[in-house]
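Here are my notes for you to read alongside the coordinates.

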Amino acid sequence: MWLEEKIRGRGFSCEVIDREDQAPEKAASGAFKLMVWNHMNTDWDHELLRKVVATRLPVILTGEPIDVDEQLNMLLMGVDDYVTMPVHTMELLARVEVTLKRHQGAANATLSVEDVTVEQSDRIVIKKGRVVRLTPREYALLTFLMRNRNVIFSRERLLMEVWKADEEGASEALVKGTRTVDAHILRIRKKLGLHNALQTVYNAGYRLVDNEARSGE
């Protein structure tokens with residue numbers, strides 16, 4: 001494949017898959033930093049795209065020209081870029097590198113609220129200078145809320161964003177329902193003392209509020 005050769009030539013390793021239905025499984029494997037998805041016509045499978053986007057793996061789509069509304073729908077879905085074919089190889093490689101840098105910067109960013117700091121590059125949570133151990137799911141829920149502070153999320157939305165990104169999480173969510181979100185929120189509050197910042201919004205869900213937002217209430 002022409003793109004595979006060019007990508008390897010830039011010092012990246014890559015894997016080519018022939019079946020689009022394998023894309024969600026590959027995206028969720030944790031073995032890749034970005035997916036370039038080439039589709040030969042305009043009938044994109046949105047359900048497959050949603051499953052890939054849910055894994056939070058950066059994804060660039062390449063394909064035939066589509067209308068602006070369809071491109072906007074894909075970007076709002078969480079796709080990073082849509083590149084119309086034919087495209088110059090160097091342009092596509094540049095888009096790959098820019099997307100990787102943008103996501104790497106976000107992944108390495110330090111998050112903080114009150115006296116709690118998260119070093120995302122090392123997946124370390126610190127409160128008052130001491131490391132606090134969280135389970136992988138607690139960590140995923142905390143960092144999701146920290147990256148989207150002041151936004152109210154329903155329990156169902158949190159299940160979709162945090163639990164359903166992988167098969168194991170989906171099974172857990174289906175069995176336990178929204179009660180598992182409540183349990184994880186309670187444990188995060190207790191471990192990190194975020195009783196004021198991690199708020200329950202009546203009949204709506206949860207939100208993590210920063211100091212400035214609380215002072216303006």
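1. A word on terms before the pocket: on a 1 Å grid over the protein atoms alone, a pocket is an open set of points with protein on both sides within 12 Å along at least five of seven lines. Its volume is the space filled by probe spheres set on the points. Please also keep in mind that this is a predicted model.

2. With that settled, the second largest pocket holds about 850 Å³ of space. Its lining is made up of 28 residues, and the ones nearest the centre are Cys14, Glu15, Leu34, Met35 and Val36.

3. Which elements give two or more residues to that lining? They are helix H1 (2–9), helix H2 (23–28), strand E1 (35–38) and helix H5 (89–108). E1 supplies the largest share, with 4 residues. Sorted by class, the lining of the second largest pocket has 19 nonpolar, 2 polar and 7 charged residues.

4. Now the helices. Two packed helices are described by the angle between their axes and the distance between the axes. For helix H3 (residues 46–54) and helix H4 (residues 68–77), the angle is about 30° and the axes lie 10 Å apart. On the H3 side, the residues in contact are His46, Leu49, Arg50 and Val53, and they meet Glu70, Met74 and Met77 of H4. By class that contact comes to 4 nonpolar, 1 polar and 2 charged residues.

5. Helix H6 (residues 136–147) and helix H7 (residues 155–163) also have axes 10 Å apart, but here the packing angle is about 115°.

6. The contact of H6 with H7 has 7 nonpolar and 2 charged residues, with no polar ones.

7. Is the peptide bond from Met85 to Pro86 cis or trans? It is cis, with omega near 0°. You will find Pro86 in the loop between strand E3 (81–84) and H5.

8. One more backbone detail: Glu114 has phi near 50°, which is a positive value in a residue other than glycine. Glu114 sits in the loop between strand E4 (110–113) and strand E5 (116–119).

How values were computed: Residues are numbered from 1 along each chain as its sequence is written. This is a predicted model: local features need pLDDT of at least 70, side-chain atom pairs count only at pLDDT 80 or more; totals for chains, interfaces and linings use all residues. Side-chain values use heavy atoms; hydrogens and water are left out. Axes are lines fitted to C-alpha atoms, for helices over the stretch in contact, and angles run from 0 to 180 degrees between N-to-C directions. Ala, Val, Leu, Ile, Met, Phe, Trp, Tyr, Cys and Pro count as nonpolar, Asp, Glu, Lys and Arg as charged, and the others, Gly among them, as polar. On a 1 Å grid over the protein atoms alone, a cavity is a set of points where a 1.4 Å probe fits but cannot get out, and a pocket is an open set with protein on both sides within 12 Å along at least five of seven lines; lining residues have an atom within 4 Å of a point. Contact means heavy atoms within 4.5 Å.
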